[in-house]
Amino acid sequence: MRTATSSFPTRVTLVEVGPRDGLQNESQAVSSQVKIELIERLGLAGVPKIEAAAFVSPKWVPQMADGSEVLAQVRRRPGTVYAALVPNLKGFEAAHAARADEVVVFSAASETFCRKNINCSIAESIERFAPVCEAARQAGIAVRGSISCSLGCPYEGPIGPGAVASVARRMKDVGVQLIGVADTIGVGTPRATQDAIGAVLDVYPLASVSGHFHDTYGQALANVYACLQMGVATFDASVAGLGGCPFARGATGNVATEDVLYLLEGLRIETGIDLAQLVQTGQWISGVLGRKAATRAGNAISARAQAG
């Protein structure tokens, strides 16, 4: 199992999941035009990769029912990757028709959560990904995998690194090229995070591994830092800390993109993202949703700017 090093990456890729992972948990309907504007603002801020839609059953996630419309209408920024979440081949075909640049498949390190989330076992979920990976390979589209509940499950409690590595190995076997370790309910701490990442690094190369941390217990930034110590250079984050999980009651949003970016700038790690512009975007979408942004750095920067 890999352990921490003293070498931070010089550049980090932030995958903005606010338009998908962030908005999917909103109880109020969010219009397609708001989603499109959010995606376009994020692109203009220099975000290199944006999860823009999810082609899942509208019965289970009604907020994501307009994925085709959103991807069709968004003005795409050259060089920006627009990704979509897909659960199966049917979802992939819809995402491909909508010109998604990358697709994301998802399972879990917890059998119970997998059944609650996508109504099947871990093994069954990964079997569904095999034809997705083959179709994506033929279409020249990258497939990224996400392992939910990698550090803890609302039904099974703590999850060991062996369970995470097992899912990663199964995903690699069916052709998933990139893998994300996701702390869906935000219970992870830095040591447990490094253990999970280390287990996955026995399966995937470092450049193919990413972190996805919710901030329920206030540990998300610490977990990002713990991953940086291991050389991990890709992280999911959600502007204004939007989100949660419809199948994990009590989980808060993904770590705020503004907070991660502020940390990375302090470490002199490049991202290509304009922090001031990103903060403005976070404040804007929070205003649209009628609440204060869940980002300490973003709110502090915004308050300082307003004070002149």
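1. Helices here are DSSP runs of H or I with at least four residues, and strands are runs of E with at least two, both numbered from the N terminus. By that rule Glu 127 falls in helix α6, residues 122–139.

2. The model is predicted, so local features need pLDDT of at least 70 and side-chain atom pairs count only at pLDDT 80 or more, while totals for chains, interfaces and linings use all residues. Residues are numbered from 1 along each chain as its sequence is written, and side-chain values use heavy atoms, with hydrogens and water left out.

3. Salt bridges (a side-chain nitrogen of Lys or Arg within 4 Å of a carboxyl oxygen of Asp or Glu) number 13 in the whole structure. One of them joins the side chains of Glu 51 and Arg 20 at 2.8 Å, N to O.

4. Because Arg 144 lies in strand β5 (residues 142–148) and Glu 51 in strand β2, the pair ties together parts 93 residues apart in sequence. Salt bridges with shared partners join Arg 20, Asp 21, Lys 49, Glu 51, Glu 102, Arg 144 and Asp 236 into one network.

5. Are Glu 51 and Arg 144 buried or exposed? Buried means under 20% relative accessible area, exposed over 50%, and partly exposed in between (1.4 Å probe, protein chains only). Glu 51 is buried at 2%, and Arg 144 is buried at 6%. Arg 20 is buried as well.

6. A further salt bridge links the side chains of Glu 26 and Arg 291 at 2.3 Å, N to O. Glu 26 is in the loop between α1 and α2 (32–44), and Arg 291 is in the loop between α11 (275–289) and α12 (296–307), 265 residues apart. Glu 26 counts as buried at 13% relative accessibility, whereas Arg 291 counts as partly exposed at 39%.

7. Strand β2 (residues 49–54) runs parallel to β3 and is joined to β3 by five bridges; two strands pair if DSSP finds at least two bridges between them. Ala 54 has Leu 85 as its bridge partner in β3. Four of the five residues of β3 (residues 81–85) are buried.

8. His 212 is in strand β9, residues 209–213, and counts as buried at 7% relative accessibility.
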